[in-house]
Number of protein chains: 2
Amino acid sequence: MTATTPPRYDVVAIGNAVVDVIASCDEELIDELQLNRGGMTLIDEARAEELYEAMPPARELSGGSAANTLAGLATLGLQCAFIGQVADDQLGKVFRHDMRATGIDFDTPARPGEPATGRVLIFVTPDGERTMNTFLGAGQFLPAAALDEELIASAAILYLEGYLWDPEEPRRAMRRAIAVARNAGRKIAFTASESFVIERHGDDFRSMIEEGIIDILFVNESELATLTGESAFEAGLAAVAGKVPVLVATRSEKGAVAIAHGERAEVAAVPVMKVVDTTGAGDQFAAGFLSGYVRGEPLTRCLKRGAICASEVISHYGPRPEADMLKLMEERL
Amino acid sequence: MTATTPPRYDVVAIGNAVVDVIASCDEELIDELQLNRGGMTLIDEARAEELYEAMPPARELSGGSAANTLAGLATLGLQCAFIGQVADDQLGKVFRHDMRATGIDFDTPARPGEPATGRVLIFVTPDGERTMNTFLGAGQFLPAAALDEELIASAAILYLEGYLWDPEEPRRAMRRAIAVARNAGRKIAFTASESFVIERHGDDFRSMIEEGIIDILFVNESELATLTGESAFEAGLAAVAGKVPVLVATRSEKGAVAIAHGERAEVAAVPVMKVVDTTGAGDQFAAGFLSGYVRGEPLTRCLKRGAICASEVISHYGPRPEADMLKLMEERL
């Protein structure tokens, strides 16, 4: 089905609504707490309290993968809306404030009672690598009923994060959202989020890809390997490229590759003075790429935008842009 | 009275227990919201909500003047304890976590029910100047009954902030704390906090000075003027110097002066690459100074420590040190 009305939003995203709790720490603490270095691990509230107890002093910043990408997109001037589940508590208010203050419409009602708004305990080692431990909190109960279907139908792109496939209610909500967007003739963008998600829900993702449901797919190197079973990067690309109209594969300091409608483009990583905190690098790459893509820019330019956004966010603590991104684009693109 | 037992803590502080909500903004927003640029303004919950609504995306970091100073002291290896009032809510837990994770003992029970834990909405302009708007929340109800008198008696220095003179219950608690510390033969350090506090409670402060209750007094240039009625800096110094054993007067980029037991020392400000956020500059100056003072170091060296600590904290967002301060002292002192 083709879109009948012009979209009101460039992108609507459904994602985890979490606050990042970010602390610097030494390598020893990662070992001592037996954390999954560089990865994202789902934890329950008891483990969250145990880890928080052991965590150095921290700073709190709103996070969530798709929410971070939206924040990047909004900063780049796109019209965005978010759907996600916070609790009716202080951190939920912080999350909502930060979304709205970035210019993003976010009206999903808060969920009363327990559990609290989700939070991600992020340990950042001196090399800038982030190790994430996520207590999903209220986010794991995002119900299909919370979807504003009119909103979803009114956005050119529906952006989804793989993280939401793990809890049952949001997974069902995602499927409903996909149906709504497709019925309205909109595009589906999907970020695989993390290898462990693919290990658990890869069959789902692969069948979505086979069925042509995903229009734009974001993966990093290890996610691509897990998704395709191909350990070699090029073999992984080849296994997926023909099945999605747009494939974007990021490789940290090795840059990124995009293959769209048979065309291939590559970009080097943008060097930074010092990697402070890699949290949000993939999210902001996606934001940069999409900001060019929705404007119909050439693939290489979309990738370059992604690399610029990633370089900005890893040069400071927190997963969302702090610089004037429009100005940065003018200077560096 | 002289101390009979050796102190268990170097410093115990009583102060506001608040979380800073810090956002970058342009000068226009300061005007538009009619904020008191560069100052600290007490606000009620309704105004806090109004300002938060208008605030750009923010980061949350634990704050509070005396609490920040303690965090600096603990980072420099001193034994510290804190007394302050949080509510039983998420921000209260954040504040307590950050204190304890810095190595500070903090056991004042949370206050159930409303109001929430205090927060300071801080707008940081491109020049790094911070404009603070404080909703004291639970902090305004710190009761004298919450004081751990044994704890107060067991610290070499009782550190108090002028901000707590404004609400009635904490003011009464401060007076009780002073009596306890003096009975135990301990020293009283006092930071005047802000000119508006002196405007309201200057008579109190002046009589404390006259009565010899304050052993170490921290003021900045404008506070000194308000306290003494002398607009000229030197005249202000002369008016107080003889009445407190140790006077420390900070002057932002013009450095600082200390006069102790008739001896005078001065220090220049330590230059920084870029002033990001001046929040906590005075608090960390006090921490650096005290860290030398408790070790009996020469006055100039105490001032130098203060200037180093202030330069570190203004080079990043947030009111507490992020660098390895012991290493920084080794390199720069």
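Me: Over how many bridges do strand β5 (residues 80-83) of chain A and β6(A) pair in the parallel sense?
Reply: Helices (H or I, at least four residues) and strands (E, at least two) are DSSP runs here, numbered from the N terminus. Two strands pair if DSSP finds at least two bridges between them. Ala81(A) stands opposite Asp105(A) in β6(A). For β5(A) and β6(A), parallel partners, the count is 2 bridges.

Me: What kind of model is this?
Reply: Residues are numbered from 1 along each chain as its sequence is written, while chains are lettered from A and ligands numbered from 1 in the order in which they are written. Local features need pLDDT of at least 70, side-chain atom pairs count only at pLDDT 80 or more, and totals for chains, interfaces and linings use all residues, as this is a predicted model.

Me: Which strands are the edge strands of the open sheet of chain A?
Reply: The sheet has 9 strands with mixed pairing, in the order β6-β5-β1-β9-β10-β11-β12-β13-β14 (chain A). An edge strand here pairs on one side only. That leaves us with β6 (105-106) and β14 (263-267) of chain A.

Me: How many bridges join strand β13 (residues 256-260) of chain A to β14(A)?
Reply: These two strands run antiparallel and form a hairpin with 2 residues between them. Ala258(A) stands opposite Ala265(A) in β14(A). The number joining β13(A) to β14(A) is 5 bridges.

Me: Is His261(A) buried or exposed?
Reply: His261(A) sits in the loop between β13 and β14 of chain A, and its phi is near 50°, a positive value in a residue other than glycine. A residue is buried if 20 or more other C-beta atoms (placed from the backbone) lie within 10 Å of its own, exposed if 12 or fewer, and partly exposed in between. His261(A) has 7 other C-beta atoms within 10 Å, so it's exposed.

Me: Which loop holds Gln34(B)?
Reply: Gln34(B) has a positive phi of about 55° although it isn't a glycine. With 8 C-beta neighbours inside 10 Å, Gln34(B) counts as exposed. Its loop runs between α1 (27-32) and β3 (40-42) of chain B.

Me: At roughly what angle do the axes of α10 (residues 281-293) and α11 (residues 299-313) of chain A cross?
Reply: Two packed helices are described by the angle between their axes and the distance between the axes. Axes here are lines fitted to C-alpha atoms, for helices over the stretch in contact, and angles run from 0 to 180 degrees between N-to-C directions. The axes of α10(A) and α11(A) come within 7 Å and cross at roughly 145°.

Me: How many residues of the contact of α10(A) with α11(A) are nonpolar?
Reply: Two residues are in contact if their C-beta atoms, placed from the backbone, lie within 7 Å. Phe285(A) and Phe289(A) are among those on the α10(A) side, and they meet a group in α11(A) including Leu303(A) and Ile308(A). Ala, Val, Leu, Ile, Met, Phe, Trp, Tyr, Cys and Pro count as nonpolar, Asp, Glu, Lys and Arg as charged, and the others, Gly among them, as polar. Besides 5 polar and 3 charged residues, the nonpolar ones number 13.

Me: Why does Ala310(A) count as buried?
Reply: Ala310(A) belongs to helix α11 of chain A. Leaving aside its neighbours within four places in sequence, Ala310(A) is in contact with Ala281(A), Gln284(A) and Phe285(A). Ala310(A) counts as buried because its C-beta neighbours inside 10 Å number 29.

Me: How many residues of α10(B) are buried?
Reply: Helix α10 (residues 281-293) of chain B reaches 18 Å from its first C-alpha to its last, close to the expected 18 Å. That expected span is 1.5 Å times one less than the number of residues. α10(B) is mostly covered, with a buried count of 13 of its 13 residues.

Me: Which element gives the largest share of the side of chain A that touches chain B?
Reply: The contact takes 19 residues from chain A and 19 residues from chain B. On the chain A side, β4 (59-62) and α4 (90-101) each supply at least two residues. The largest share, 6 residues, comes from α4(A).

Me: What is the omega of the peptide bond from Glu114(A) to Pro115(A)?
Reply: Pro115(A) is in the loop between β6 and β7 (117-124) of chain A. The bond from Glu114(A) to Pro115(A) is cis, with omega near -10°.
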